[in-house]
Structure formats: C-alpha cells, structure tokens
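Trainee: I would like to learn how to read a model like this one. Where do we begin?

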Amino acid sequence: MAPKAGSEVTVSPYQGLDDRAFWRSGVVEAGTYPPPDIYRPKFPIAKNLPIFTAGSCFAQHVGRTLANAGYHVIDTEPMPDWVPAELAHKHGYKLYSARFGNIYTVRQFLQLLQEAFGNFKPADPVWEKDGRYYDALRPGMTPGGLARPEHVMESRDYHLRAVQEAVAETGMVVFTLGLTETWQHKPSGTVYSTAPGTIAGRIDLEVHSFVNFRASEIRKDFLTVRKIFRAANPDVKFLLTVSPVPLTATASGAHVLPATTYSKSVLRTVAGELAEDFDDFDYFPSFEIVSSHPSAGRFLNRTCAA
C-alpha cells in the first residue's frame, strides 16, 4: 500500500509493497502463469445474479465459461427446437444474452439498446446479396440470408424484444471491448458490425465512411449504456474485459500491428478509467493474461478474429 499523502517518507515508497507490485516477484518468480493474485474482484458475483453478456468474439468465451461454472447467464433468444444443435453457434444461438452476434464497438452496443427502446432507428437496415436479404446490423446471424426483406424486419423486431427483456432482467453486464474501428452510414451515424460488402450489402464511399473511435467517445458511449441499464436496475454492475484478439484487418492506413496496438490501448484505457472512476465498474485482466509476452502466446485462439 502506498504511503498516505502528506506523510513523511523515510524509505522508498515502494518498500513494503506486496509481491504483486513488482515485476520480478509478481511475474518472473510467481511460479505459475497467470500469476496468483492478478485480479482482486471489486464486488462478489452471486451464482443466481442474472448476467448479460455481450461484446466482441472473445466475449463468447467469457459467457460460456460463466455458464459452465453455474452462473446465471441470461438468454432471452434461445435456440428453437427445430435448429440442429451443431448449427447453433453458426446462427447466433447460445453465444450471448440475445442473438445479436459479435458487438465490436461500444457505439454499436449503444445503438442496439437505443433501438430496442425506441430511441434510435438504424439507416439501411436490410442488405441484399444474390437475391437474399440480411439484417445489416447482424448479417452473420442468418447464413445464406432470408427470402424477403419483410422477413428480415420481422426477425429484427423479435430480436429487439428479446434485448428489451434481457435488459430488464440484468443484474450485471459483462462486456468485452473489441475494436475502435468500424464503418458507419454517414448521414445517420448508424454503425455496423461489418463493413458493407463484406458479408452482404454494397460499399458506397459517398454514403459509408470509416470511423476509428477515440477514448473520450467510447467512454461517453459506455456511460450512456450505463444509464440505459440503470433505468431498469439501479443496482446493476459492470464487469469489463478487453479482447486480446488482434485485428483481422485495418482500414486506418497503418500497418495492422500498430493499428491493433492502438485499438487495444484505447480500449484498455477506457476500461481502466471506468473501473477507477465508478464503484459499479470492475475490470478483469483477460487482455493482459492472454497477450502479455510472459504468456508466450499459449492462450491465443487464432480462429477468433476481432
């Protein structure tokens, strides 16, 4: 523990700190990896607490681990009986608390919640490819698309009701921040999980633009997310993680390696500041455990792309 402000320091302020405060004792000589005592929870998580999971693809691992450990992970959009079990994940079931797929940016998360409660209307919500139609906000949830645009909108209406229900139940939000980069519909500010033309739709640089969100914007967006959840439950808690998965590609103009470092650094900064500034936010260091050089890459899952 650091000395109190104003007290007279007769020795180094680092003298007497716990082993976890020093690289040699806390990492090099820790004996195991991840090092013991790397995380001290800010608040307990009861097994019966309804947990809302969302975020980038790494969040799938977080939610699955919690569910397998017996925690109450919300699922308000369960898989229908007629869907074969082996196709569940491919069609977005059993991944998150509703079937929204990967949510890579906080702005995407915020707009989903605002849409669910009637405070946002996305532009260009239906994309087409080869005569099939896709939900532009989650195009990967229907491989092969649907036969008619109306079917897409009906499915989205059902999905938004499921999101509303999940928010109403939530006692804790576990969210993995994944990316700062995204693509948006310029006139409306609607952001997408994938660039138009990647899975479906068409890119039009007169209409669509690249965005690389800054820390101040991400922080502001998450505090608005917080207000939405707190309107349903004033006691809701937030547990943040940062995805250690590198960018598959960058549209920033930089090499993908520094672009990845920039993106993760910004997200880690936001997560850390929120955890320091608010009692209802905590941060779990999955990013550090997986991506720090002492791990020697042993935890990286190359099948999951941010």
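Mentor: With a definition. Two residues are in contact when heavy atoms lie within 4.5 Å. Keep in mind that this is a predicted model.

Trainee: Then take helix 2. Which elements do its buried residues pack against?

Mentor: Buried means under 20% relative accessible area. In helix 2, residues 58–68, that holds for Phe58, Ala59, Gln60, Val62, Gly63 and Leu66. These buried residues pack against strand 1, strand 4 and helix 7 (286–291).

Trainee: Why do residues three or four places apart point the same way in an α-helix?

Mentor: Because an α-helix has 3.6 residues a turn. Now look past the helix. Just after helix 2, Gly70 takes a positive phi of about 95°.

Trainee: Let us step back to the whole fold. How many helices and strands are there?

Mentor: The protein has seven helices and nine strands. Its radius of gyration is 21 Å, close to the 19 Å that the globule rule gives for 306 residues, so the protein is as compact as a globular protein of that length. Along the principal axes, the C-alpha atoms fill a box of roughly 75 × 45 × 40 Å.

Trainee: What share of the residues counts as buried?

Mentor: Of the 306 residues, 46% are buried. Look at the contacts too. Among those with a separation of 6 or more, 70% come from residues 24 or more positions apart.

Trainee: And the surface? What do carbon and sulfur atoms supply?

Mentor: The protein exposes about 15,800 Å², and carbon and sulfur atoms supply 54% of that area. For charge, compare mean positions. Those of the 31 positive and 32 negative charges are 1 Å apart.

Trainee: How do I read a nonpolar core?

Mentor: Think of buried nonpolar residues joined through side-chain atoms within 4.5 Å. The largest such core here has 45 residues, and Phe52, Phe175 and Phe229 touch the most other members. Elements giving two or more residues to this core include strand 1 (51–55), helix 4 (149–169), helix 5 (215–232) and helix 6 (256–277). A second, separate core has 10 residues, including Phe43, Val62, Met172 and Leu239.

Trainee: Which residues does Phe229 contact?

Mentor: Leave aside its neighbours within four places in sequence. Phe229 then contacts Phe52, Phe109, Leu113, Val167, Thr170, Val173, Val236 and Phe238.

Trainee: Now the backbone. Which two residues does a cis peptide bond join?

Mentor: Check omega. The bond between Tyr33 and Pro34 is cis, with omega about 0°. Pro34 sits in the loop between helix 1 (23–28) and strand 1. Compare Asp81, in the loop between helix 2 and helix 3. The two are 47 residues apart along the chain, and their C-alpha atoms are separated by 40 Å.

Trainee: Is Asp81 buried or exposed?

Mentor: Exposed means over 50% relative accessible area. Asp81 is exposed, at 81%.

Trainee: Where does Asp124 lie?

Mentor: Asp124 is in the loop between helix 3 and strand 2 (126–129). Its phi is positive, about 50°, although Asp124 is not a glycine. With a relative accessible area of 33%, Asp124 is partly exposed.

Trainee: What is the phi of Asp130?

Mentor: Near 55°, again a positive value in a residue other than glycine. Asp130 belongs to the loop between strand 2 and strand 3 (132–135). At 68% relative accessibility, Asp130 counts as exposed.

How values were computed:
Residues are numbered from 1 along each chain as its sequence is written. This is a predicted model: local features need pLDDT of at least 70, side-chain atom pairs count only at pLDDT 80 or more; totals for chains, interfaces and linings use all residues. Side-chain values use heavy atoms; hydrogens and water are left out. Helices (H or I, at least four residues) and strands (E, at least two) are DSSP runs, numbered from the N terminus. The radius of gyration is taken over C-alpha atoms; the globule rule is 2.2 Å times the number of residues to the power 0.38. Buried means under 20% relative accessible area, exposed over 50%, partly exposed in between (1.4 Å probe, protein chains only). Accessible areas come from the Shrake-Rupley method with a 1.4 Å probe; for residues, only the protein chains shown count as cover. Lys and Arg count as positive and Asp and Glu as negative; His and the chain ends are not counted. The place of a charge is taken as NZ of Lys, CZ of Arg, CG of Asp or CD of Glu.
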